[in-house]
Amino acid sequence: MPLPDLIERLPALVNGNPAVLRRGRYLSTDMMIEVGTTPFYLSIVQGRIESLSRGPLVMRSWSFAIRGREDAWRQFWARHPAPGFHDIFALAKFGEFHIEGDIRPLMTNLLYFKALLEAPRALADDVPR
Amino acid sequence: MTAAIEPIIGRYIHLTLQGRPHRIYFEEAGVGIPLLCLHTAASDSRQFRHMMTNTAITDHFRVIAFDMPWHGKSTPPDGWQDEEYQLTTDAYIELIRTFRDALGLTKPVTLGCSIGGRIVLPLAMRHAHEFAALIGLDSAAYQTGWYDSSWLHRPDVHGGEVCAGIVSGMVAPQSPSNCRWETLWQYMQSGPGVFKGDIYFYRADSDLRPDLSKIDTSVCPLYLMTGEYDFSCTPENTRQTAAAIPGAEVIIMKEIGHFAMSENPQQFRQYLLPVLDAIRTRLTAR
């Protein structure tokens with residue numbers, strides 16, 4: 001599945017998962033996921049992804065952003081990702097992802113965001129190791 | 001109806017550590033060669049429950065694990081409420097040797113994971129003759145930090161949630177869901193600031209690289225086992241550490257992360273049993 005299609009399934013994946021919604025029930029924030037040069041803006045209200053907009057959008061604000069090369073995201077979203085590509089902090093440690101901005105919403109809702117960000121794996125094909 | 005009762009027995013022991021009285025919880029199972037197990041940061045002896053119920057191990061080894069002070073069912077020392085917990089190399093070594101001597105364990109095999117894996121290196125440097133063999137899981141002489149540890153202990157962030165969230169990616173994606181979440185549950189239960197205090201030892205105290213050449217594996221065999229999905233102590237970190245220690249054996253474990261014994265006990269067993277067999281063969285040949 002092409003990456004943009006995968007990302008656009010995020011609202012359905014998250015909003016259809018009661019356990020993830022429960023984790024995020026006190027969270028409302030805006031975040032940005034940048035895949036290569038294309039930003040995607042997520043507006044989260046009480047754990048639900050209320051909107052997902054493909055950018056760039058002029059002057060759109062966000063609390064924090066996770067940026068990475070397209071190939072890094074593709075590997076991260078493999079059903080069984082290879083070592084080093086399996087976690088946002090692993091990718092950040094090895095310089096593949098950049099986590100920027102006010103990361104307080106991320107750190108206070110870490111298990112929620114990990115579940116959100118990893119949700120596309122359910123739809124992914126395996127990337128050969 | 002008979003319920004399943006595990007063979008694990010837990011007790012408390014009173015020790016003086018750093019000049020102060022401590023009440024330390026420990027549990028054990030099995031008979032034979034003492035195998036002392038050291039848990040990871042922010043967790044406790046429950047991480048070894050699968051080893052303690054595996055007869056392939058307990059038929060030959062007396063598996064013993066304590067909860068470090070501040071961890072699990074061991075209480076912090078009196079006055080803790082006005083202190084910041086911070087683990088040091090010297091305090092950790094004192095704990096291990098004091099516990100070992102109090103139980104009368106003669107030259108135990110010692111296996112540690114994460115901070116427990118790291119401490120086997122100073123044990124090998126300073127006290128090799130006191131141990132029959134040392135096994136370090138996720139053991140590296142030096143490693144770089146990958147997050148700001150101040151997030152681990154602040155009143156406006158839930159410590160249990162953030163500690164589990166930080167380490168959740170250190171469990172391999174292939175590990176069984178129930179084992180993954182039990183491992184994280186234990187992290188969720190650590191007291192405020194305990195993970196941060198343990199990490200001080202793991203990162204800041206200290207760079208062991210200059211002293212690795214002091215390790216003599218002919219006195220005490222050293223096994224370094226690291227999971228391929230461990231990005232905190234990477235396989236490369238472990239290989240670099242072993243490269244400076246003649247005779248150290250490196251084992252990189254497939255489809256395992258940072259918590260081998262608790263995140264995927266079945267997968268870990270296939271790597272651990274040959275190591276324990278080799279140690280037992282060596283000891284019985286003497």
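Trainee: In what order do the elements of chain A run from the N terminus on?

Mentor: This is a predicted model, so local features need pLDDT of at least 70, side-chain atom pairs count only at pLDDT 80 or more, and totals for chains, interfaces and linings use all residues. Residues are numbered from 1 along each chain as its sequence is written, while chains are lettered from A and ligands numbered from 1 in the order in which they are written. Chain A has seven helices and five strands (DSSP runs numbered from the N terminus: helices are H or I, at least four residues; strands are E, at least two). From the N terminus on, the order is α-α-α-β-β-β-β-α-α-β-α-α.

Trainee: What radius of gyration does chain A have?

Mentor: The C-alpha trace of chain A spans about 40 × 30 × 25 Å along its principal axes. The radius is taken over C-alpha atoms, and the globule rule is 2.2 Å times the number of residues to the power 0.38. With 129 residues, a compact globule would come out near 14 Å, and chain A agrees, at 14 Å.

Trainee: What percentage of the residues of chain A count as buried?

Mentor: Count C-beta atoms, placed from the backbone, within 10 Å of a residue's own: 20 or more others make it buried, 12 or fewer exposed, and in between partly exposed. Of the 129 residues of chain A, the buried share is 35%.

Trainee: Which strands stand at the edges of the sheet in chain A?

Mentor: The sheet is open, with five strands in the order β3-β2-β1-β4-β5 (chain A) and mixed pairing. Strands pair if DSSP finds at least two bridges between them. Each edge strand has a single partner strand, so one side is left without a neighbour in the sheet; the edges are β3 (48–54) and β5 (97–101) of chain A.

Trainee: Which strands form the edges of the open sheet in chain B?

Mentor: That sheet has eight strands in the order β1-β2-β4-β3-β5-β6-β7-β8 (chain B), with mixed pairing. An edge strand pairs on one side only; here the edges are β1 (9–17) and β8 of chain B.

Trainee: How many residues of strand β3 of chain B are buried?

Mentor: In a regular strand the side chains alternate between the two faces of the sheet. Ile33(B), Leu35(B) and Cys37(B) point one way from β3(B), Pro34(B), Leu36(B) and Leu38(B) the other way, and all are buried. For strand β3 (residues 33–38) of chain B, that makes six of six.

Trainee: In β5(B), which residue is the bridge partner of Leu38(B)?

Mentor: β3(B) pairs in the parallel sense with strand β4 (residues 61–66) of chain B over five bridges. In β4(B), Leu36(B) has Ile64(B) as its bridge partner. β3(B) also pairs in the parallel sense with strand β5 (residues 109–113) of chain B, over four bridges. In β5(B), the bridge partner of Leu38(B) is Gly112(B).

Trainee: Why are the buried residues of α8(B) on the same side?

Mentor: In helix α8 (residues 235–243) of chain B, the buried residues are Pro235(B), Asn237(B), Thr238(B), Thr241(B) and Ala242(B). They lie on the same side of α8(B) because their arc around the axis (taken from the directions from the helix axis to the C-beta atoms) is only 160°.

Trainee: Which exposed residues does the other face of α8(B) carry?

Mentor: Among what covers the buried residues of α8(B) are β7 (222–227) and β8 (249–253) of chain B. The face turned away from the buried side carries Glu236(B) and Ala243(B).

Trainee: How many residues of chain B are in contact with chain A?

Mentor: Contact means C-beta atoms, placed from the backbone, within 7 Å. On the chain A side, 16 residues take part, and on the chain B side the number is 16.

Trainee: At what angle do helix α7 of chain A and helix α5 of chain B cross?

Mentor: Leu110(A), Leu111(A) and Lys114(A) in α7(A) meet residues of α5(B), including Glu161(B) and Val162(B). Axes are lines fitted to C-alpha atoms, for helices over the stretch in contact, and angles run from 0 to 180 degrees between N-to-C directions. The axes of α7 (residues 110–118) of chain A and α5 (residues 159–167) of chain B come within 8 Å and cross at roughly 35°.

Notes. Contact = placed C-beta atoms within 7 Å.
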